[in-house]
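User: Please take a close look at one part of this model, the packing around its helices. I would like one connected account that I can follow residue by residue.

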Amino acid sequence: MLLEGRRILVTGAARGIGLAVVQACLKQGGDVLMTDLDCETLDQAAATLTEHADRLRHCRLDVSDLESIETALSGIRDWPALDGLINNAAVLDINHAGTVTDERFAHVLDTNLTGALRVTRAALPMLGNSAAPAIVNTLSTQAFFGVPRSAAYATAKGGLLMLTRSMAVDFGAEGIRVNAVAPGFINTRMALTEDGVHEHEMEGFKAHYISEGRIPLRRPGTPEDCTGAYVYLLSDLSKYVTGQVIYVDGGLSATY
């Protein structure tokens, strides 16, 4: 039980990687507050975790709204501390750099980048009460490598990379570790194209990434494939690790 007795807040937890991380933290003995903007899906997800109901709470949290963040945190004021924060909330964007609007670009950055800072700042007092506080931000391989029609999303994730490093430096004196996980092609709703086609089922994807080995492990990942990195970064196994990124991409980044 690597996280026994630890209290963890996860944003963007209603589905995909966020939900898988919640499940993993619960299995490792942690107490979890799972949050999301999509209340209906969040309620449905929480209802599947009745086995851990005594250690699970859930509520709405909009990372773009400070009042919403404060309301969510008020629901865990009875916790003596917050030991882990997973900044996972994000929106996907598929837009060419030459045509993305100012409004859309600003919205993606506010959600995927500024939102993580907003939640972190609000959670700092509770993190400061922990004996082993840890923050883990969800990046993407797009933080490191350009791909078509991802100007806003990739810019936000690249900014989150530098925010991770900056927070690791700024919070180090307080004993707060800050790291990140960079997933590659993972089977979540973000793999759906604008036309509703699953990216991983497209012939071009299969040929380039699977058959030709651009992903050395020859398959896309699952949300569960990502959870070990988060548990490691939250636990004492990584107690002298900060400012770092773990790629969870099946080897994709090794082929660039």
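Analyst: Contact here means heavy atoms within 4.5 Å. The model is predicted.

By that cut-off, α4 and α5 meet through two sets of residues. On the α4 side they are F105, V108, L109, N112, L113, A116, L117, T120 and L124. On the α5 side they are A151, A152, Y153, T155, A156, G159, L160, L163, M167 and F171. Sorted by class, this contact has 15 nonpolar residues, four polar and no charged ones.

Two packed helices are described by the angle between their axes and the distance between the axes. For α4 and α5 the angle is about 20° and the axes are 7 Å apart. Angles under 35 degrees count as roughly parallel, so α4 is roughly parallel to α5. The crossing of α4 past α5 is right-handed.

The loop between β4 (84-87) and α4 holds N95. Leaving aside neighbours within four places in sequence, N95 is in contact with V100, R104, R149, S150 and A151. One of these, A151, also belongs to the α5 side of the contact with α4. From N95 to F105 is 10 residues along the chain, and their C-alpha atoms are separated by 9.1 Å. N95 has a relative accessible area of 23%, and is therefore partly exposed.

Helix α4 (residues 102-128) also packs with helix α3 (residues 66-74). Their axes come within 10 Å and cross at roughly 40°, so α3 and α4 are oblique to each other. This crossing, too, is right-handed. From α3 the residues in contact are L66, I69, E70 and L73, and from α4 they are R118, V119, A122 and A123. By class, this contact has six nonpolar, no polar and two charged residues.

The loop between β5 (134-138) and α5 (151-171) contains F144. What are the centre distance and plane angle of the ring pair F144 and Y247? A pair of aromatic rings is described by the distance of the centres and the angle of the planes. The ring centres of F144 and Y247 are 4.9 Å apart and the planes stand at 45°, so the pair is tilted. Ring pairs join F144, F145 and Y247 into a cluster. Over the whole structure, a search finds three aromatic pairs.

One further helix pair is that of α1 (residues 16-27) and α7 (residues 223-234). Their axes are 8 Å apart and the packing angle is about 55°, so α1 and α7 are oblique to each other. α1 passes α7 in a right-handed crossing. On α1 the contact is formed by G16, I17, A20, V21, Q23, A24 and C25. On α7 it is formed by P223, E224, C226, T227, Y230, V231 and L234. Its classes are 10 nonpolar, three polar and one charged.

Terms used
Residues are numbered from 1 along each chain as its sequence is written. This is a predicted model: local features need pLDDT of at least 70, side-chain atom pairs count only at pLDDT 80 or more; totals for chains, interfaces and linings use all residues. Side-chain values use heavy atoms; hydrogens and water are left out. Axes are lines fitted to C-alpha atoms, for helices over the stretch in contact, and angles run from 0 to 180 degrees between N-to-C directions. Helices (H or I, at least four residues) and strands (E, at least two) are DSSP runs, numbered from the N terminus. Angles under 35 degrees count as roughly parallel, over 145 as roughly antiparallel, 65 to 115 as roughly perpendicular and the rest as oblique. A crossing is left-handed if the near helix is turned anticlockwise from the far one by less than a right angle, and right-handed if clockwise. Ala, Val, Leu, Ile, Met, Phe, Trp, Tyr, Cys and Pro count as nonpolar, Asp, Glu, Lys and Arg as charged, and the others, Gly among them, as polar. Rings of Phe, Tyr and Trp (its six-membered ring) pair if their centres lie within 6.5 Å; planes under 30 degrees apart count as stacked, over 60 as edge-to-face and the rest as tilted. Buried means under 20% relative accessible area, exposed over 50%, partly exposed in between (1.4 Å probe, protein chains only).
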